[in-house]
Amino acid sequence: MTQTFDAIICGGGLAGSAAGFSLARAGYSVAILDRALFPRKKLCGGLLTWKSIQLLEHLFGETPGSLTKAGAINFASNRYAIHTLATPLAEGELSFPFHFVDRTVFDAHLLTRAEAAGATVFQGCKVTACDPAKGIITCHNGDTFQGAFVIGADGANSVVRKSFPDVDRDRMRRFMAPAIEIHLDAKDFPRPVEYPELYVGFLEAGYGWVFPNHNSVIVGTCGLRMNNSNIYQLFKEFLDFFNIDSAATSDLRGHPLPYGNYLENPVSGVTMLAGDAGGFVEPLLGEGIFFALCTGMYAGEAVAHGLATKTSPGPTYTHRLHQQIMPELKASNRLRWALFKGMQWIGPSSLKLLVNATNTQLAEMVHGMRSYSWLRKKHWDFCKR
Ligand SMILES: Cc1cc2nc3c(=O)[nH]c(=O)nc-3n(C[C@H](O)[C@H](O)[C@H](O)COP(=O)(O)OP(=O)(O)OC[C@H]3O[C@@H](n4cnc5c(N)ncnc54)[C@H](O)[C@@H]3O)c2cc1C
């Protein structure tokens, strides 16, 4: 028997919870289907920028204080550093701290908030097929669901996206970066890590990171496969640089990160894509948490508006994406290639010059107070400021 809802959301990660919360709060019946049982692990550095904090407060009424109390935020730092493997490039103070979340706790917390708002959550429910025109979803156990509208929030390997007839699959694949990350006990890292450190220049079109957490250190790399023939080997060399024995790290895992493959039109029939499923990740630093929450909220609000007015939500969603999100992703993509080419042709001094000349403004750009487009002041349509 097919279960029917106003909206079906495939994936109960950040994009799915934001969409589900928006719809349930507006009074619509909504099902969130996720293949995992929560709390589940998600490979991620967990860095939250200022705009993520603003959005979490706007949508869920969550603050750094409430998220810390819930065990989701476990570290904050108002400093950062950028290095090559040979030399420091820049270091600075931030006007607003970077917060770090434990994704296992954070994702489960937001999914619970969506459920408490009225969404019906089906865990252990793996979506195997989607009919984007009819809004029919089939799961691994044969269960079927039908929604007036469907939101695909099922991550980088989205089954819902694969059902779209017009997606450029070759572009999707080329700009999907393998990201590898390990979480170490702080005592197993050779020195204390007190603020986030970025490492550039040892892989092309990508970078490495060392992030502090409460009792742990996260070490990771991401880079486009077409520019880096052996990402796994580069990651091992990155670990060697810190004198971490990669053979001793039992926890070595990778996950695809959309890295410049955002879809201009993530709508097909009655179905739309949000978060990693639509490639909505900022292509310079790989920030995806904000873009998953924001596109999830936009998709949920567009569907709620469509249900209320009996109109198609696709144009509302894409209009908002093109007003708010796409200009940032496109400008960040241009900056990414300019910086990587600058590093290749001129060397690390090009990045050093840029960072030192525009230090505060660059930090504000990463936080979302300024745009990736010419560092102009950025106004987010959900934000009071
Ligand atoms: C190594 C690494 C480090 C990162 N670090 C950062 C960082 O520090 N800061 C930042 O902002 N971003 C970071 N990102 C990016 C960020 O993690 C993602 O952009 C973000 O998680 C996207 O959220 P989402 O909800 O779209 O997808 P996900 O978080 O992947 O959630 C998708 C959900 O869909 C479910 N699902 C998948 N397939 C199916 C299916 N067939 N049926 C049912 N359910 C399904 C999954 O179980 C999952 O719960 C990082 C990514 C990686 C890989």
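Trainee: In which sense do strand β7 and strand β8 pair, and over how many bridges?

Mentor: Two strands pair if DSSP finds at least two bridges between them; strands (E, at least two residues) and helices (H or I, at least four residues) are DSSP runs, numbered from the N terminus. Here β7 (residues 127-131) and β8 (residues 136-139) pair in the antiparallel sense over four bridges. Cysteine 130 has isoleucine 137 in β8 as its bridge partner. The two strands form a hairpin with four residues between them, and glycine 135 in the turn has a positive phi of about 75 degrees.

Trainee: On what basis are such features reported?

Mentor: This is a predicted model, in which local features need pLDDT of at least 70, side-chain atom pairs count only at pLDDT 80 or more, and totals for chains, interfaces and linings use all residues. Residues are numbered from 1 along each chain as its sequence is written, and side-chain values use heavy atoms, with hydrogens and water left out.

Trainee: At what angle do helix α8 and helix α9 pack?

Mentor: Axes are lines fitted to C-alpha atoms, for helices over the stretch in contact, and angles run from 0 to 180 degrees between N-to-C directions. Helix α8 (residues 289-309) and helix α9 (residues 313-345) pack at about 155 degrees, with their axes 8 Å apart. They are therefore roughly antiparallel (over 145 degrees).

Trainee: Which residues of helix α11 are buried?

Mentor: Buried means under 20% relative accessible area (1.4 Å probe, protein chains only). In α11 (residues 359-367), the buried residues are Leu362, Ala363, Glu364, Met365, Val366 and His367. Just after α11, glycine 368 takes a positive phi of about 100 degrees.

Notes:
Parallel < 35°, antiparallel > 145°, perpendicular 65-115°, else oblique. Buried < 20%, exposed > 50% of the residue type's maximum accessible area, 1.4 Å probe, protein only.
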